[in-house]
Amino acid sequence: MPVFRALSNVAKQALLAPACGCQPLTVAIRNISFSPRQVTSGSDASFHSVSFSETDHPKVLITGGLGQLGVGLAKLLRKRFGKNNVILSDIRKPPSNVFHSGPFIYSDILDYKNLREIVVNNRITWLVHYSALLSAVGEANVALARAVNITGLHNILDIAAEHGLRLFVPSTIGAFGPTSPRNPTPDLCVQRPRTIYGVSKVHAELMGEYYHHRYGLDFRCLRYPGIISADSQPGGGTTDYAVQIFHDAVKTGKFECNLKPDTRLPMMYIDDCLRATLEVMEAPVESLSMRTYNINAMSFTPEELANEVQKQLPDLQVTYEIDSVRQAIADSWPMNFDDCNARKDWGWKHDYDLPELVQTMLDFIGSDSRISQAN
Ligand SMILES: NC(=O)c1ccc[n+]([C@@H]2O[C@H](COP(=O)([O-])OP(=O)(O)OC[C@H]3O[C@@H](n4cnc5c(N)ncnc54)[C@H](O)[C@@H]3O)[C@@H](O)[C@H]2O)c1
Ligand SMILES: C[C@@H](O)[C@H](N)C(=O)O
């Protein structure tokens, strides 16, 4: 296929050419190889008949979409861009309500060709890369975390650069470490995390910014705090206690916390997190003075959270059984996040502080458990 060889040569030349900050190139990053599944008879005609009205909305692919955050993000983006313009993907089987709520596709981010085929066949323009192993599960399986969080990211970056996508990759408070300033932690400071999760996220921030400067990739990244949600379960992180306390408080009236009572960490309600993600993706390029931003909402300790929950459920009993792995991780993370650049550049503003968070979580979980008791 001469055309593929020619493109491949362009890619090689571009990679060898000196970096030029003023005129970034978007080129094929890898040697392009022909995938027979990519062009099938019958699909070709519709592939080329793009109507202009269709291009008004982005066509979004969310990887790792069945975790704590993906389903909620798909719901928000579908409301804005239309149901069929947002495709959720994961390697797990979706529950039936998710499967029936909009397009879902199997996608393993370690399978480069399959990923490229999905992007091409669906004419994806925005990619939200949520697949990852979080901090605690990452420490329990370093080899897998390295593969998913680092090799998987390389696939995503190359596909996004080759196809001119706008790419969102979340980072985390976990991208900082014990030598970072912890109270508050600014956007730019020492980043020497001690977890494979944190190391992989610093790598993602740097690689994304490098692809932006070198190839013109429209890379956008937010460092999320611990995210708290009522209708989706966290995937094995250090901040998971702040979700579990609500479920246990409502269901059993007892909660055993795996972090010390005075462990302070930045946290955010999921609605704020997902709205921030949409806002930074829609922000005009000229408003972005950086490509990786801290975002912040609140910061509390387990004791402060328990006190706030006890204002509504005074009988809640909290005990502490410390998990040494999670505690060591939490002790190396920021206590407070400085997000002044996000507020200044693209107008970031959170809605939920601790009292609103607690009220919202208890209302949701309380009504959910009343419904299941009635059924
Ligand atoms: N939830 C938080 O508190 C939080 C905070 C900071 C940053 N983040 C980041 O946001 C993103 C989403 O977080 P989450 O809480 O939804 O994570 P999660 O652990 O709940 O979900 C991750 C998803 O990735 C999928 N996955 C794993 N291996 C895969 C593979 N090879 N190919 C495709 N998918 C694969 C899993 O099946 C899972 O559904 C992650 O990148 C995470 O680092 C989350
Ligand atoms: C903070 C975040 O990245 C995730 N919730 C974790 O604890 O690993």
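Reader: Which residue has a side-chain N or O atom 2.6 Å from an oxygen atom of ligand 2?
Author: This is a predicted model, in which local features need pLDDT of at least 70 and side-chain atom pairs pLDDT 80 or more, while totals for chains, interfaces and linings use all residues. Residues are numbered from 1 along each chain, chains are lettered from A and ligands numbered from 1 as written, and side-chain values use heavy atoms, without hydrogens and water. The pair is a polar contact (N or O atoms within 3.5 Å). The residue on the protein side is Tyr-197.

Reader: What percentage of the area of ligand 2 does the protein bury?
Author: Accessible area is computed by the Shrake-Rupley method with a 1.4 Å probe. Ligand 2 taken alone exposes 250 Å². Of that, the protein buries 93%.

Reader: Which pocket is the space taken by ligand 2?
Author: A pocket is an open set of points on a 1 Å grid where a 1.4 Å probe fits, with protein on both sides within 12 Å along at least five of seven lines. A molecule sits in one if more than half of its atoms lie within 2 Å of its grid points. Ligand 2 takes the largest pocket.

Reader: What is the volume of the largest pocket?
Author: The lining (residues with an atom within 4 Å of a point) has 40 residues, with Tyr-130, Ser-131, Ala-132, Leu-133 and Leu-134 closest to the centre. By class, 20 are nonpolar, 15 polar and five charged. The volume, meaning the space filled by probe spheres set on the points, is about 860 Å³.

Reader: Which element gives the largest share of the lining of the second largest pocket?
Author: This pocket has a volume of about 730 Å³. Its lining has 25 residues, and Val-71, Gly-72, Lys-75, Asp-231 and Leu-274 lie nearest its centre. Helices are DSSP runs of H or I with at least four residues. Seven lining residues, the largest share, come from α3.

Key:
Ala, Val, Leu, Ile, Met, Phe, Trp, Tyr, Cys and Pro count as nonpolar, Asp, Glu, Lys and Arg as charged, and the others, Gly among them, as polar. Helices (H or I, at least four residues) and strands (E, at least two) are DSSP runs, numbered from the N terminus. A polar contact is a pair of N or O atoms within 3.5 Å; within protein, one must be able to donate a hydrogen and the other to accept it, and residues adjacent in sequence count only if both atoms are side-chain atoms.
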